[in-house]
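Student: Could we go through this model together? I would like to begin with strand pairing.

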Amino acid sequence: MMRIYHIDPLYKSFIWAGRKLIDRFGIDTDLPTVGTIYCVIALPGELDNIVRETGEPLSTFYEKHRELFACSDEVFPVRMTITCNEGFQSYQLHPDDAYAFVHEGCRGKVSGAVTLDDEGRTATWLFGHKVGSLEEFKECVEQQDWGRLFGTIEVRDGDYVHTPAGVIHGGKGAGAISATFGTNSDITYRFFDEGRDDPNRPLALDDVYACVHFPEVPFCVEPPQPVVLPGMKLITYHDVDGEYVALRLQVEEKASYEYDSFLFITCVRGSGSIDGVSLGLGETLLVPAGYGAFELAGPMDCIAISYHEKEA
């Protein structure tokens with residue numbers, strides 16, 4: 001008989017982090033600040049959640065128990081985090097798989113984010129570029145002419161923003177707590193870091209210039225489209241084969257749900273249980289592929305990530 005597994009979170013401080021995540025999720029940590037809660041990530045020797053029931057790193061658990069994921073990918077495919085950027089992050093992009101496998105020996109990164117609080121805020125994000133050539137792009141970077149370089153998007157609380165590989169983004173955070181979903185990678189190429197001289201945050205101009213798109217790739221802001229199910233609202237933010245599946249399950253009291261692949265579920269508000277297994281605020285459970293229908297009890301608001309392989 002299949003069982004549900006607990007995935008222990010990892011916490012990481014950043015130069016742009018604050019204490020909002022510590023206070024919101026009641027985190028017990030010696031870190032003075034927390035910028036990211038890694039709910040699901042499997043990078044061996046770097047960032048690798050522990051599966052509580054077996055004591056194994058998630059990357060090892062995936063390798064040894066592939067039947068629980070119904071996935072033939074050799075490397076664990078997805079990541080999910082909760083992030084709060086309270087300072088200046090950097091201007092950056094992420095490489096695609098083709099570039100990252102050659103230069104980093106791992107997958108590239110596509111990702112997306114949605115704020116977890118609905119406070120009615122609207123923010124202007126620096127996102128994507130509006131120049132016509134690599135020469136003009138380099139000139140803007142050298143002159144730090146960000147107004148000429150960056151495009152902008154208007155984002156309301158609850159909107160989903162998918163970030164394709166090679167799209168520039170970053171900068172000053174608004175202090176909003178967001179869920180982020182993506183491929184299982186942590187490769188970031190920065191081209192401006194507000195004059196910081198941190199060896200752990202190097203600039204990678206050549207990599208940025210190699211990965212940026214001309215013309216810019218299409219992207220858009222996606223307002224939520226909830227589907228009302230008995231006892232629950234379901235939002236599908238992103239579902240692209242070979243990338244990731246990002247979901248949100250807002251449970252009123254009791255609901256039943258079944259998914260066709262594995263599902264990592266993190267509680268971001270309230271608390272409850274899944275088939276009688278308790279799920280507290282900030283905790284993550286793995287429902288394996290092939291588990292069948294399961295019962296959710298709340299009230300609780302959950303984010304979830306899964307994956308569908310890309311057909312050859």
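Student: What stands opposite Leu247 in β27?
Tutor: Leu247 stands opposite Ala304 in that strand. Strands here are DSSP runs of E with at least two residues, helices are runs of H or I with at least four residues, and both are numbered from the N terminus. Two strands count as paired if DSSP finds at least two bridges between them.

Student: Before I go on, what kind of model is this?
Tutor: This is a predicted model, in which local features need pLDDT of at least 70, side-chain atom pairs count only at pLDDT 80 or more, and totals for chains, interfaces and linings use all residues. Residues are numbered from 1 along each chain as its sequence is written, and side-chain values use heavy atoms, with hydrogens and water left out.

Student: Back to the pairing, then. How many bridges join β20 to β27?
Tutor: Seven bridges join β20 (residues 244–251) to β27 (residues 300–306), and the two strands run antiparallel. Strand β22 (residues 263–270) also pairs with β27 in the antiparallel sense, over six bridges. Within that pairing, Thr266 has Ile303 of β27 as its bridge partner.

Student: Which sheet do these strands belong to, and in what order?
Tutor: They lie in an open sheet of nine strands with antiparallel pairing, in the order β7-β6-β1-β25-β22-β27-β20-β19-β18. The edge strands are β7 (56–57) and β18 (227–229), each of which pairs on one side only.

Student: What holds such strands together in general?
Tutor: Strands of a sheet pair through backbone hydrogen bonds, either parallel or antiparallel.

Student: Is β27 mostly covered or exposed?
Tutor: Mostly covered, since seven of its seven residues are buried, where buried means under 20% relative accessible area, exposed over 50%, and partly exposed in between (1.4 Å probe, protein chains only). Met300, Cys302, Ala304 and Ser306 are buried on one side of β27, and Asp301, Ile303 and Ile305 are buried on the other.

Student: What about phi at Gln144 and Glu194?
Tutor: Gln144 has a positive phi near 50° and is not a glycine. Its place is in the loop between α4 (134–143) and α5 (146–149). Glu194, likewise not a glycine, has a positive phi of about 55° and lies in the loop between β16 (189–192) and α6.

Student: Why do these two count as partly exposed?
Tutor: Gln144 counts as partly exposed because its relative accessibility is 45%, and Glu194 does so because its value is 46%.

Student: How does the chain look overall?
Tutor: The protein chain has six helices and 27 strands, and 54% of its 312 residues are buried. Its C-alpha trace spans about 60 × 40 × 40 Å along the principal axes.

Student: What share of the contacts links residues 24 or more positions apart?
Tutor: Such residues account for 71% of the contacts with a separation of 6 or more in the protein chain, where contact means heavy atoms within 4.5 Å.
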